[in-house]
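Work through the exercises below with the sequence and the model open. Each task is followed by a solution in steps.

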Amino acid sequence: MIKNGIRVVIARLGMDAHWRGSIVVARALRDAGMEVIYLGNQMPENIVEAAIQEDADIIGLSTLSGNHMILAPEVVRILREKNMNNTMVILGGTIPPDDIPKLKQAGIAEVFGPGTSLKKIVDFVSGSN
Amino acid sequence: MSKLFKNDTIEELREKEDQWQKEFYPTEKDQQFFKTLSGIPIEPLYTPKDIADMDYLRDLGFPGDEPFIRGVYPSMYRGQSWTLRQLAGFGPPEETNKRYKFLLEQGATGINGVFDYPTLRGYDSTDPHAYADAGRGGVAIDTLEDMRILFHGIPIEKISTSLVTCQPICNISIQSMYIANAQNRGVPLNELTGTSQNDFLMETAITIAPEVLPPKASFKLSCDAIEYCAKHVPRWNPISFAGYNYREAGCSATQEVAFVLANAIACTEELIKRGLDVDSFAPRLSFFFSAHSDFFEEIAKYRAARRIWYRIMKERFKAKDTRSLALRFHVQTAGVSLTAQQPLNNTARAAYQALSAVLGGAQSIHVDAYDEALCTPTELSSLTALRTQQILQQETRVTNTVDPLGGSYFVESLTNQLGDRIVALLEEIDEMGGIVKAVEKGWIHKEISNEAYAYQRAIESGEMSIVGVNCYKIENEKLPVELFDVPETLQIQEKKIKKIKKERNSLQAQRALDDIARCCDEDKNLMEVIVDSVKAYITEGEISKTLKMSYGTWNPPVF
């Protein structure tokens, strides 16, 4: 069962402006009954700021440029700095498999690479998986 | 009249075919399972009755002649191969220059230069938004000095260069730097050959971010470059309507072609409004399409696009020059079809896709590398992609005759059906007031987003098979390829920008930026002033900021 009222902030990390993945995921989450706030491209500071304002349960980051090792941990760091300890950060995009353990160590809750099904993401976000 | 079949023949066939159909396909239940990727239903068999209305001279004709459906040149690949134009770009220009030279040494016949994300969006490497993306996805270019380094030792007077300057805000600076660099090297502008992408949809609908230029401003910049080239760089293709990218964002084959043609119509109308004769610029309007996985639909798409463009140019714009009527295009195999799973499979995918481009009559091709769903291509994967093209070119003999599928009952019928759908969509956009309006009101964004979502759901329901992703999966697969690491970029670019800003004549630099601002106010052609301005070593970011100060910014309505 999907918990009602899960609030998700979706953002594209950094400069690359391809939006297909992030929008498709945003739509799937919305169709699953969640509140989705789509920010488009933003830097870590702004993403966290939006998450605070929106009282987000989850931040979903999307990137394909290869900037994930720099910017994704940055989002987690700033979030913790602001004591947003209950907000989970997840990441999707072209992430080389070797980077996944490092990202998890940096506090990213889950990483969804190319080919991940929407169902898997929705299940994870809704907490049923 | 040169009808393909006599009415009697068709009648006779119809009877026979009905009998055959009754015997072997008694029900229609299987029909719904066979359709193209864009949703056109596919029959079990095609016969003359499916193209019974076609007239050879009116609808097919000869290659190099109206309506150009069979190819834009009389001899096609017998006379000259398509250009092997492999994309390259990463890190600082010093590194990409080496990759360009490597590909040329290995037999590439053109340069296809891709720029990093900050450059594509008009930011300097040192911008606070850019530090994590400098050198990623392409080469970092900040000033004319970077452009000099990028093409150092490459004969730009002989080799054609495609600048993948997707967004007009990027193109207006980067193409200006390319031209200024050519002038500095003493290459006459009328000898310069190449293409720039320069498509306003890329800035406002396809790859979008908050605070981009408003659609009208971006469209203006795009038209400024076309006008400038028509007057000063006659062999340059100043725009490449980027249907490929539209497709990557989610478009169907129908939308891909309809949206690029709508864009080309808008540009043509604008340039005519500026007082140019259609034949002075239309021969240099060029197109860029995707080669996706539906083999025959893609072939039909290229052929249909040529015939529709011919009719638009001939009937709507009264173009007379044959070159204005002929739609020339570059193809890239579909990045979105690549899988991170079992990446070597991508070589097979890209090869089939490239074959469809050749059978569809492409002028130039990039084949994707097998590792592109994972990282920037390595030297090995880039080379394998180039070799895929060379195998197609040298071994398969598909180039022996022109338009080998012309006259195929199936391909012609599919070409007609796809064509009808494209024309219907074009009419819809016309009724809306054209492509700029369709972007401003967010209609394009919605259309693409819906299609992208439907595509993903088709994969998840299993309606669409993707090998390695939703079938023939390998659990806990160990990656069989080495991944590419982007070389250090930011520090190198930072050092150069610092040095340049210190050494440049600051009065001249300020004057250059003032000139650009004034040009915006006076609504003059910006390309003319920016080609001169970049010689004062102002940065791309400085130019973009000046433009955004004048035109304001816009947040595309995508969600």
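A residue counts as buried if 20 or more other C-beta atoms lie within 10 Å of its own, as exposed if 12 or fewer do, and as partly exposed in between, with C-beta atoms placed from the backbone. Helices (H or I, at least four residues) and strands (E, at least two) are DSSP runs, numbered from the N terminus. The model is predicted: local features need pLDDT of at least 70, side-chain atom pairs count only at pLDDT 80 or more, and totals for chains, interfaces and linings use all residues. Residues are numbered from 1 along each chain as its sequence is written, while chains are lettered from A and ligands numbered from 1 in the order in which they are written.

**Exercise 1.** Determine how many residues of S9(B) are buried and which way they point.

Step 1. The strand is mostly covered, with 5 of the 5 residues of S9(B) buried.
Step 2. Phe329(B), Val331(B) and Thr333(B) point one way, and His330(B) and Gln332(B) the other.
Step 3. In a regular strand the side chains alternate between the two faces of the sheet.

**Exercise 2.** Find the strands that pair with S9(B), and the hand of the crossover that leaves it.

Step 1. Two strands pair if DSSP finds at least two bridges between them.
Step 2. S8(B) runs parallel to S9(B) over 5 bridges, and Phe287(B) has Phe329(B) as its bridge partner in S9(B).
Step 3. S10(B) is also parallel to S9(B), joined by 3 bridges; here Val331(B) stands opposite Ile365(B).
Step 4. From S9(B) the chain passes through H15(B) to S10(B) in a right-handed β-α-β crossover (clockwise from the first strand over the helix to the second, with the strands pointing away from the viewer).

**Exercise 3.** Compare the span of H15(B) with the expected one, and identify what covers its buried residues.

Step 1. The expected span is 1.5 Å times one less than the number of residues.
Step 2. H15(B), residues 345-359, has 15 residues and reaches 22 Å from first to last C-alpha, close to the expected 21 Å.
Step 3. Its buried residues include Asn346(B), Arg349(B) and Leu359(B).
Step 4. Among the elements covering them are helix H13 (295-316) and helix H16 (379-394) of chain B, where contact means C-beta atoms, placed from the backbone, within 7 Å.
Step 5. After the helix comes Gly361(B), with a positive phi near 85 degrees.

**Exercise 4.** Is H1(A) enclosed or open?

Step 1. 10 of the 12 residues of H1(A) are buried, so the helix is largely enclosed by the rest of the structure.
Step 2. Arg20(A) and Arg27(A) are among the buried residues.
Step 3. Just after H1(A), Gly33(A) has a positive phi of about 95 degrees.

Methods
Two residues are in contact if their C-beta atoms, placed from the backbone, lie within 7 Å.
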